[in-house]
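Q: I'd like a close look at one part of this model, please, and then at how charged side chains pair up elsewhere.

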Amino acid sequence: MLPKDSQPPLVPPSETPASQDDGAVLRDCQRGLALLAEGCLEEGLAELERAYEARGGNPDCQSGYALGLALVRGRFPEAVTLAEQAVRGDYENPELYLNLAKIHLASGSRAMAFQTLARGLRIAPDHEGLSAARAALGLRQRPWLRFLPRSHILNRSLGAVRARLARTSPDSV
């Protein structure tokens, strides 16, 4: 047996600083999101994955990891499920709605992104990120033929003509 002063302190495995320090985990999560925003996708996903594995129950980490999965790996169904669980876990956090909307946009589901942003703006109407994302989506114009669904081929064709005209001369429509 080693002398008392030469033994390392006993720390239960559940209390190791690297895996359970919420501050460090949230910093890893924020660093991962920052790396994604800078375009360092693989490094960002690695940070987010470490944070998620260390503290998977944290909605911020879960949402960030879901965003990374969608943007880097293209695993949209899994990412949407994780992000929706995060929103249910902390429904008053506007950043979670923003991440979910980004996932929907990346998957090509603009309508779901719009709905998610609207839900987030009902929770936090002054949130800059949600407002900016909503403005970037733009407003949809009314269908040309209102008695037909928006998805009808005539409305889609006439809408494409209107958009083409608007690009060439903004005053023509």
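At what angle do helix 5 and helix 6 pack, and how far apart are their axes?

A: Keep in mind that this is a predicted model: local features need pLDDT of at least 70, side-chain atom pairs count only at pLDDT 80 or more, and totals for chains, interfaces and linings use all residues. Residues are numbered from 1 along each chain as its sequence is written, and side-chain values use heavy atoms, with hydrogens and water left out.

Helix 5 (residues 76–89) and helix 6 (residues 94–106) pack at an angle of about 165°, and their axes are 9 Å apart. Helices here are DSSP runs of H or I with at least four residues, strands are runs of E with at least two, and both are numbered from the N terminus; axes are lines fitted to C-alpha atoms, for helices over the stretch in contact, with angles from 0 to 180 degrees between N-to-C directions. That angle makes helix 5 roughly antiparallel to helix 6 (under 35 degrees is roughly parallel, over 145 roughly antiparallel, 65 to 115 roughly perpendicular, the rest oblique). Their crossing is left-handed, meaning the near helix is turned anticlockwise from the far one by less than a right angle.

So who's touching whom? Helix 5 brings Phe 76, Ala 79, Val 80, Ala 83, Glu 84, Ala 86 and Val 87, while helix 6 answers with Leu 96, Tyr 97, Leu 100, Ile 103, His 104 and Ala 106 (contact means heavy atoms within 4.5 Å). Sorted by class, that gives 11 nonpolar, 1 polar and 1 charged residues.

Now the charged pairs. Side chains of opposite charge can pair when their charged atoms come close. The whole structure holds 5 salt bridges (a side-chain nitrogen of Lys or Arg within 4 Å of a carboxyl oxygen of Asp or Glu). One of them joins Arg 31 to Asp 28, with 2.3 Å between the closest N and O atoms. These two are 3 residues apart in helix 2 (residues 22–38), about one helical turn. Asp 28 is buried at 19% relative accessible area, whereas Arg 31 is partly exposed at 41% (buried is under 20%, exposed over 50%, partly exposed in between, using a 1.4 Å probe and protein chains only).

Glu 47 and Arg 50 pair up too, at 2.7 Å, and both lie in helix 3, 3 residues apart. Here Glu 47 is buried at 12%, while Arg 50 is partly exposed at 45%.

How values were computed: Nonpolar A, V, L, I, M, F, W, Y, C, P; charged D, E, K, R; others polar.
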